[in-house]
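Subject: Structure handover

Hello,

Here is the structure for you to look through. My notes follow below it.

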Amino acid sequence: MAETPDRGARGLPGGKPKYSIFSLARNAASYHQDWQRAWRAAEPKAEYDAVIVGGGGHGLATAYYLAAVHGMTNIAVVEKGWLGGGNTGRNTTIIRSNYMWDESAAIYDHALKLWEGMSQDLNFNVMFSQRGVLTIAHSEHELREMSRRVHAIRLNGIDSDVLGPEEIKAFVPTINIDPSIRYPVMGGFLQRRGGTARHDAVAWGYARAADDLGVDIIQNCEVTGLRRKAGRIEGVETTRGFIKTPKVGCVVAGHCSVLAAMADIRLPIASRPLQALVSEPIKPVLDTVIMSNAVHMYISQSDKGEMVLGAGVDKYNSYAQRGSFPVPEHMIAAAVELFPILSRLRMLRHWGGIVDTCPDASPIISKTDVKGLYFNCGWGTGGFKATPGSGHVFADLIANDRPNAIAAPYSLDRFQTGLLIDEHGAAGVAH
């Protein structure tokens with residue numbers, strides 16, 4: 001797999017006060033009224049060396065690595081709402097890298113290596129918990145396919161252990177392995193390095209660290225147009241005026257095709273709702289992440305005690321941040337059968353995000369025909385886990401105007417050459 005990533009400048013070298021147990025104790029004396037703002041409320045300047053459109057995890061990570069690794073500090077992140085208000089704050093926070101194809105394994109394990117040192121890099125506790133991700137098989141066919149997938153994963157140097165039903169029961173005591181249930185547990189595979197992180201903390205940590213390096217973070221600033229001349233980007237039109245820049249990186253998830261249309265580019269993207277919900281909080285009963293590709297259900301327990309459940313995407317295109325009732329109904333039925341102890345829990349919140357999916361269920365990290373215009377999109381349901389890796393390689397692309405070895409397979413050209421990365425076929429879903 002890929003070598004250890006270049007993390008660049010680490011630990012707030014710009015001089016912002018660091019968080020620690022000592023700063024916590026010091027601020028307790030003032031009842032926590034004297035904490036410095038995590039990032040400045042910057043006003044847009046007339047010109048930047050680069051502008052990142054999208055203030056979610058991927059966009060903020062891109063800006064941070066542009067500054068920390070490539071030394072580009074005269075850059076801005078423009079966000080039409082508030083930081084992390086899109087998919088970053090609406091996902092189920094699963095992190096793993098056990099993908100089948102070499103190209104997928106490379107970028108997701110690159111991201112996982114960055115996850116493993118992120119809190120130290122950013123001086124911000126992102127609550128990364130390597131509690132393991134267990135994927136369940138419910139049929140003999142799925143079990144054989146899972147075995148094939150595990151061998152491919154191991155060839156890429158990524159940890160993956162096959163477990164039988166009794167081993168799963170020992171690892172997850174609350175699961176039901178009765179062979180007579182509708183979705184019997186036939187086996188599974190476990191990535192122990194996988195886990196979860198706090199999605200809001202990821203956005204806030206990257207924003208704070210990027211601000212420390214001089215990046216301007218501009219909220220409530222919607223991009224309304226992309227100004228071009230002679231096949232080259234000149235800047236972005238926004239609700240707060242025109243911003244001149246020779247480089248624009250677009251990282252807006254489900255709205256990427258809308259932004260691309262401003263430059264007369266049509267992306268092979270379908271945007272659909274993805275639903276999730278949390279239960280009322282209970283005492284700890286699940287200390288890992290359980291995924292079922294066959295029934296499109298995945299479940300974990302948050303630090304607050306809520307059971308966090310996610311489903312597959314809805315079957316229609318939409319920009320609505322909500323979903324249809326049949327999807328969570330099917331998901332809850334499967335969850336209750338696998339975990340009967342959940343049957344009397346009440347649902348606390350239910351929401352949807354907008355996921356952007358390519359035909360091969362793999363992302364786009366690419367230059368375009370407009371010089372200086374770059375797109376990072378198409379992550380589908382796998383965006384959160386890729387956050388640091390996506391930002392790291394996209395920053396490299398923007399800084400050097402060429403993709404590195406990890407990003408190269410994700411060029412837009414693959415939809416012309418046919419060199420697709422068919423992760424749908426490898427994993428069933430892209431969770």
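Predicted model: local features only at pLDDT ≥ 70, side-chain atom pairs only at ≥ 80, totals over all residues.

Now the pair itself. Helix α2 (residues 57–68) packs against helix α10 (residues 387–400) at an angle of about 50°. Their axes are 7 Å apart. The two helices are therefore oblique to each other. The crossing of α2 past α10 is right-handed. On the α2 side, the residues in contact are G57, H58, A61, T62, Y65 and L66. They meet T387, P388, S390, G391, H392, F394, A395, I398 and A399 of α10. Sorted by class, this contact has eight nonpolar residues, seven polar ones and no charged ones.

Next, helix α3. It covers residues 102–115, 14 residues in total. From first C-alpha to last it reaches 20 Å, close to the 20 Å expected at 1.5 Å a residue. Of its 14 residues, 11 are buried, so α3 is largely enclosed by the rest of the structure. Among the buried ones are Y108, D109, H110 and W115.

Last, two backbone points. Most residues other than glycine have a negative phi. D264 is not a glycine, yet its phi is positive, about 60°. D264 sits in the loop between α8 (256–261) and β13 (270–279). Its relative accessibility is 65%, so D264 counts as exposed. H296 also has a positive phi, near 55°. H296 is in the loop between β14 (289–292) and β15 (297–301). With a relative accessible area of 27%, H296 is partly exposed.

Best wishes

Key. Residues numbered from 1 in each chain as written. Heavy atoms only, no water. Helix = DSSP H or I, 4+ residues; strand = E, 2+ residues; numbered from the N terminus. Expected span 1.5 Å × (residues − 1). Buried < 20%, exposed > 50% of the residue type's maximum accessible area, 1.4 Å probe, protein only. Axes fitted to C-alpha atoms, helices over the stretch in contact; angles between N-to-C directions. Parallel < 35°, antiparallel > 145°, perpendicular 65-115°, else oblique. Left-handed = near helix turned anticlockwise from the far one by under 90°. Contact = heavy atoms within 4.5 Å. Nonpolar A, V, L, I, M, F, W, Y, C, P; charged D, E, K, R; others polar.
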